[in-house]
Amino acid sequence: MKDYEVVIGLETHIQLNTQTKIFCSCKADSWEAEPNTNICPVCSGMPGVLPVLNREAVHKGALLAAAMHAEINPVSHFDRKNYFYPDLPKGYQITQFDEPIGKGGYLDLHMPDGVIRRVRIHKLHLEEDAGKTKLDHGLRLVDFNRCGVPLVEMVTEPDLRSAEEAAQYLTQLRQLLRWIGVSEADMERGHLRCDANVSIRERGSQVLNTKTEIKNVNSIDAVRQAIIEESKRQIELVESGGKVVSYTLDWDADTGKLSMMRSKETEADYRYFREPDLLPVILTEEEIAHVKAELPELPLERKARFEADYGLSAYDAEILTSERGLSDYFEEAVKSLGGEAKAVSNWMMNDLSRLMNDLGKTASELALTPNSLAQIIRMVEDGKINAATGKSLLRKVEESGREPAQIVEAEGLAVIADSGALREQIQAVLDSATAEVESFRAGKESLLGWFVGQVMRATGGKADPKRTREILLELLSQK
Amino acid sequence: MSISKISPELFHKLVGLAALELTAAEGAYLLTEMNHQLSSVNALLQVPLEDDIQPTLHGIECQGAGPRVDAWQPFPTPSEILAGAPETEDGMFAVPDVKGAK
Amino acid sequence: MSLNQLSALEVAARVRAGELSAREALETSLAQIHAVDGQQGSLEQKPLDPSEEHKVHAFIRLTEDLARQQAYEVDRKISAGEDPGMLAGVPVSIKDIFTLQGIETTAASRILYNFKPPYTATPVQKMIDAGALILGKANLDEFTFGSSSESSAFKPSPNNPWDPSRVPGGSSGGSTASVAAEEVALSLGTDTGGSIRQPAAFCGVVGLKPTYGRVSRYGLMAFSSSLDCPGPIARNVSDAALMLQVIAGNDPKDSTSSVVPTSNYLEALKDGVKGLRVGLSPDYTHLFYPDFETGELAMESIQKEISQAVQHAASVLADLGAEIVENVPLPNAKYGIPTYFVVSRVEAASNLHRFDGVKYGYRTPVEVEDLQDLIRRTRAEGFGSEAKLRILMGMYLSSEGFAANYYQRALKVRAIIRRDFERAFYPHGGHRLDVILTPTTATTSFKRNDVFGNTVRMQYSDQMTVSANHAGLPAVSVPGGLDADNLPIGIQFIGPDFREDLILRAGYAYEQATLDEAWRSVRPAVLRQEVAK
């Protein structure tokens, strides 16, 4: 069998998280709404109405273009794409055909094996979403709630070389969209939709062979699986002397099977022409500069910086830049702690992350501020409280909203600092455990841990473990 | 000079694209008129155009108010929109299914 | 003078002064409608009673209840000392291409026969807010496709009040007929290639196409989005200026609506024409009609009396102090209709895609197999021939393989048509014109069924008007005389962007200077009949 490589291009539709639809003032997010309650004459295709562009959709589209290293076109145009389908009430979709908002661009994939795959963007443009339909007893039912929601369509060049890379692209894209705040990018809610174009060729060949298009892949896993299945199918087909035919395929997530939808030979003629009801989209030099300035440090850049400046491991840096809120939180905490990144990283990746999971909260939703976290860490490191106390403080601060130092004060959580007081406590414990003292002195040294535990109990956990051990050993070794 | 005409085959294809259905008589009449109109349109092909002429979409340079603010303004009576539909079910517009759909 | 002969300005003034109640204005209008209009247009194809042959049939639907409510409101405001608006108590008709909330808006098409819009068109709302009384929806060519109003699915289609065996022109034929027959004082029409001006010329009334974007298109069921202009129809120039004042202005619901400030159009009328530079063009003296086999454009003379009327108008203006500038070249005028065939059809085909029986309007009652079948049958049964023709032409001219040659090219020819005007109006150019004076049409009104069916001949009725649409310029047709058959002749003034004031000034000066000309005392046949009764 020959050595094949798979060639993949991805087409994504990204729902922007503006307040309103792209051409009318209905809500952009109507996930919870009853059918056809979030509609108006414009988005339901009534005669006589006209589209009016949402400036925030342009802004977010430009921001995304900048984040994808694409050129923002100062003048872009909307066009009509004409065809009949029940979820398209006007009988045409308003999209951008030949002069879109973004030109060029790329996303660098950092694969786990160290390979960096640059995925070039072929097209980045704004358009309106269609409505939703469902089949019910032979009738097709149409809901226009979603019709007109602003979308950015991004089409990559066929630069991806594996299902894993495709999955990585979507993962990074999703992270980026949330990072810059242009989309919730939740695939289950249709905020991020993907079609995959798949073809195969002999490794080393530069030719692009006939491709098939896989639709209806609603999760990153589905994309990965579907591509694996399809590339397998194509290889088997070609190996047995067949030819790949250009088809649109549908992925059934339940059965894990692909089925033919329609042949792509009969391409519709969309008769694109400039939308006469809209004026050109103009972005001035200042506006473009503003958008670029608004672009935050992107996840990969920040990951590299965390590794370089804070000395974090690649693994830790990746976790701490997986989500913007988490990442900002980390940096704030490090600043408050005077630059001790490792300590913050430890605490965040272990105990704080556990707390966040328990409560189902993201970092930006926490009542426990980065500053408070830093204070807790500082108190532990200074020996003012012990580690166990520190960990319990996380939840206490989160639930009460009070300052850590306040809680320590109020509940008397401070480590017993006075050696004398501690010595007294320890002596009291030894006095009430004479049998164990005998055993220890007789050689059962493992009882030390038990004594420490008893002291902890007696002091309500406030004894410093190290100091306790020292004093215990001292007292126990006296005869 | 002969001008391009629409053939009956192309006409048939256009009728399909346009989601129309025509009787033979209607089809014949419309095709004749289309080809007559093409004889007028043909003049455009002869007009000398300099290279720097740009297609003009609106005649005048439109000075509009520009894109709108992203603020929710619900339409007061969406039920009125649904009420005008020829057929609905469960608050949705109802139509027969698309031929050959999944 | 009876009340229904009063101008809109006069009615509004009297109502505002408390000298005339809106209710009385309404009753007068209704009485006139009942006297001359006959039956309204309907989808039923029953044979017409002979007594109906001489009626106007301007309306698809009367909206008497609505008008009564509006009249009541105006009269209430007057007695409460509130401002009832600039059009207080003025009876008006609205071309049935504009939406009116809760009232059937049909576009004269079966496919919208029962469509009740949930919103009102902006220019209509402005007129309502100004106190106008809406007497009814005027009949028109189906979806405004035509120049005679004969393609309406709602029969009988309107007749010309000057000679009911003839057409009122189109597509705003019902609008101009209702004004000419003194049923209403004003009408709101639309002009895409000449659909206000040509029927205004045929019916002997004033019809103004404003600059593109001057009046909002929100609520105007679109024909050709880059060309459509709502505009006023009236019996005299001041009334047209008054109505323009009310409906002009930016609308946030229409992205192409202009933010250029409106001016005081009524005030401007007084400025006269002394020193005004009025251009005449040799390119507006003939039709350029294609040979169906070869495509060669051949020159056809226009009706002699029409050329004479234009010449006469020029000399009247000259006597008033205007400077007449002859031989202004507008050489690309002959490409106006060819360009229009392409641009308007491409846009129309797309605009009509939404009529599919899914969301509103007509749906075929026939049993269908699937959705595609439903859509095809609905459109086949719902659209008339002219609509189907425009859709098919539009499909062809924008399809892959043809779009570059036709659609893209037409948009470039549009640019050079515009350039001709820019050169003529350029303040530092050779001609430095303020307005251009041309005939509105090549002929006066033709007989019913004479032209209908010959779609090329029908479209060429708009050759003199269409270039102003391509260039986006304002243009007005005013009555300029009668021909030997007592049929109205229209003369047209075209002006620069947003200079409706200039063309209204020129029209007004001409109108006022010719008030005593013999032809102005001749009344439309339909009104003479009434007197004779």
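A residue is called buried if 20 or more other C-beta atoms lie within 10 Å of its own, exposed if 12 or fewer do, and partly exposed in between, with C-beta atoms placed from the backbone. Keep that rule at hand for the close-ups below. This is a predicted model, in which local features need pLDDT of at least 70 and side-chain atom pairs count only at pLDDT 80 or more, while totals for chains, interfaces and linings use all residues. Residues are numbered from 1 along each chain as its sequence is written, and chains are lettered from A and ligands numbered from 1 in the order in which they are written.

**View 1. Chain A on its own.** Chain A holds 15 helices and 17 strands; helices (H or I, at least four residues) and strands (E, at least two) are DSSP runs, numbered from the N terminus. Its C-alpha trace spans about 100 × 60 × 50 Å along the principal axes. Of its 479 residues, 44% count as buried.

**View 2. Where chain C meets chain B.** Here 68 residues from chain C and 51 residues from chain B take part in the contact; two residues are in contact if their C-beta atoms, placed from the backbone, lie within 7 Å. Helix 13 of chain C provides the largest share of the chain C side, 12 residues. By class, this side of chain C has 35 nonpolar, 19 polar and 14 charged residues. In this scheme Ala, Val, Leu, Ile, Met, Phe, Trp, Tyr, Cys and Pro count as nonpolar, Asp, Glu, Lys and Arg as charged, and the others, Gly among them, as polar.

View 3. The axes of helix 2 (residues 24–46) of chain B and helix 12 of chain C come within 10 Å and cross at roughly 55 degrees. Axes are lines fitted to C-alpha atoms, for helices over the stretch in contact, and angles run from 0 to 180 degrees between N-to-C directions. Helix 2 of chain B and helix 12 of chain C are therefore oblique to each other: angles under 35 degrees count as roughly parallel, over 145 as roughly antiparallel, 65 to 115 as roughly perpendicular and the rest as oblique. Look for B:E26, B:L30, B:E33, B:M34 and B:Q37 on helix 2 of chain B, which touch C:S385, C:K388, C:L389, C:L392 and C:M393 on helix 12 of chain C. These contact residues divide into 5 nonpolar, 2 polar and 3 charged.

**View 4. Where chain C meets chain A.** In this view, 34 residues of chain C are in contact with 27 residues of chain A. Helix 10 of chain C gives the most to the chain C side, with 3 residues. That side divides into 16 nonpolar, 10 polar and 8 charged residues.

View 5. Most residues other than glycine have a negative phi, and most peptide bonds are trans. The peptide bond from C:K155 to C:P156 is cis, with omega near 0 degrees, and C:P156 sits in the loop between strand 3 (133–138) and helix 5 (173–180) of chain C. The bond from C:G170 to C:S171 is also cis, with omega near 10 degrees, and C:S171 belongs to the loop between strand 3 and helix 5. C:T144, found in the loop between strand 3 and helix 5, has a positive phi near 70 degrees. C:T144 is buried, with 30 other C-beta atoms within 10 Å.

**View 6. C:N486 between two strands.** C:N486 lies in the loop between strand 12 (475–482) and strand 13 (488–494) of chain C. Its phi is positive, near 60 degrees. C:N486 counts as partly exposed because it has 16 C-beta neighbours inside 10 Å.
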